Amino acid sequence: MTQIDKTSKTGAYRIGIYPGTFDPITIGHRDIIARATRMVDHLIIGVAVSSGKGPLFDVEDRVAMTNYDIEHNLKYNDPNTTIEVVPFDNLLMHFAEEMQADVIIRGLRAVSDFEYEFQMASMNEKLNDHIAAAYLMASDKYQFIASRFVKEIARMGGDVSRFVSEHVAEKIKEAYAK
Ligand code: ADP
């Protein structure tokens, strides 16, 4: 795991973690990433192995696609914030502690995410109440975008180019052609 030096001239170096499955990364995720960079100095995108969820892409591919999109397709991010994509297979709070994170950032889509996030936040707080949780409301443009639906549309031969980058759309097509 990467060792992060938290010392800075101001002493106010903030590390955030944005965790998820990212199977695959969508423009909704990208929007949260860009906005999250404006809140922290270093942003770790934690890609959960989530083998139980039966992801379409293995974790190496999800990390590679996320890195590609960050490098080529990120807009309106704070250029002073560094971004790192790190896979993890342990409890989120343990991963956050290992990464010396100050805050866990999640996106909230309409009402659908709220109950789950509310429960998870309460449980996480019991595990470590020094790591804060922050929620960014999904942009109204991207509210309805979920990796699950993108995969469903692609599997049925639909066009997903409005929801994911060209690169990711190509990877999904390849995955279903196998
Ligand atoms: P999970 O499997 O935990 O739902 P996802 O990869 O689906 O992980 O999502 C990771 C995070 O990104 C979650 O906080 C989720 O709410 C958020 N997210 C996913 N899609 C969007 C979107 N279109 N707009 C805003 N946030 C989103």
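Is N128 buried or exposed in this structure? N128 is buried, with a relative accessible area of 13%, where buried denotes under 20% relative accessible area, exposed over 50%, and partly exposed the range in between (1.4 Å probe, protein chains only). The structure is a predicted model, in which local features need pLDDT of at least 70 and side-chain atom pairs count only at pLDDT 80 or more, while totals for chains, interfaces and linings use all residues. Residues are numbered from 1 along each chain as its sequence is written, and side-chain values use heavy atoms, with hydrogens and water left out.

N128 is located in the loop between helix 4 (114-127) and strand 5 (132-137); helices (H or I, at least four residues) and strands (E, at least two) are DSSP runs, numbered from the N terminus. Two partners of the N128 side chain were identified. A polar contact of 2.9 Å joins the side chain of N128 to the side chain of E97, and the N128 side chain also reaches the backbone nitrogen of H130 at 2.7 Å. A polar contact is a pair of N or O atoms within 3.5 Å; within protein, one atom must be able to donate a hydrogen and the other to accept it, and residues adjacent in sequence count only if both atoms are side-chain atoms.

The ligand sits in the largest pocket. On a 1 Å grid over the protein atoms alone, a pocket is an open set of points with protein on both sides within 12 Å along at least five of seven lines, whereas a cavity is a set of points where a 1.4 Å probe fits but cannot get out; lining residues have an atom within 4 Å of a point. A molecule is assigned to a cavity or pocket if more than half of its atoms lie within 2 Å of its grid points. Strand 1 (15-20), helix 1 (27-37) and strand 4 (103-108) are the elements that give two or more residues to the shell around the ligand.

There are 17 residues around the ligand, of which Y18, T21, K53, G107 and Y142 come nearest; a residue is near a molecule or strand if one of its heavy atoms lies within 4 Å of it. By class, the shell comprises seven nonpolar, five polar and five charged residues. In this classification Ala, Val, Leu, Ile, Met, Phe, Trp, Tyr, Cys and Pro count as nonpolar, Asp, Glu, Lys and Arg as charged, and the others, Gly among them, as polar.

An N or O atom in the side chain of K53 is 2.2 Å from a ligand oxygen atom. For H29, a polar side-chain atom lies 3.1 Å from an oxygen atom of the ligand, and for D113 the corresponding distance from a side-chain N or O atom to a ligand oxygen is 3.2 Å. Taken alone, the ligand exposes 550 Å², and the protein buries 90% of that; accessible areas come from the Shrake-Rupley method with a 1.4 Å probe, and for residues only the protein chains shown count as cover.

D113 itself is found in the loop between strand 4 and helix 4. D113 is buried, with a relative accessible area of 13%. Its C-alpha atom is separated by 19 Å from that of K151, 38 residues apart along the chain. K151 is placed in helix 5 (residues 147-155) and, at 16% relative accessibility, counts as buried. Between K151 and P24, 127 residues apart along the chain, the C-alpha separation is 8.4 Å.

Backbone geometry was then considered. Most residues other than glycine have a negative phi, and most peptide bonds are trans. The peptide bond from D23 to P24 is cis, with omega near -5°, and P24 is placed in the loop between strand 1 and helix 1. F22 lies in the loop between strand 1 and helix 1 and has a positive phi of about 50° although it is not a glycine. A positive phi, near 60°, also occurs at Y76, a residue other than glycine, in the loop between helix 2 (59-73) and strand 3 (82-88). F22 is buried, with a relative accessible area of 2%, whereas Y76 counts as exposed at 66% relative accessibility.
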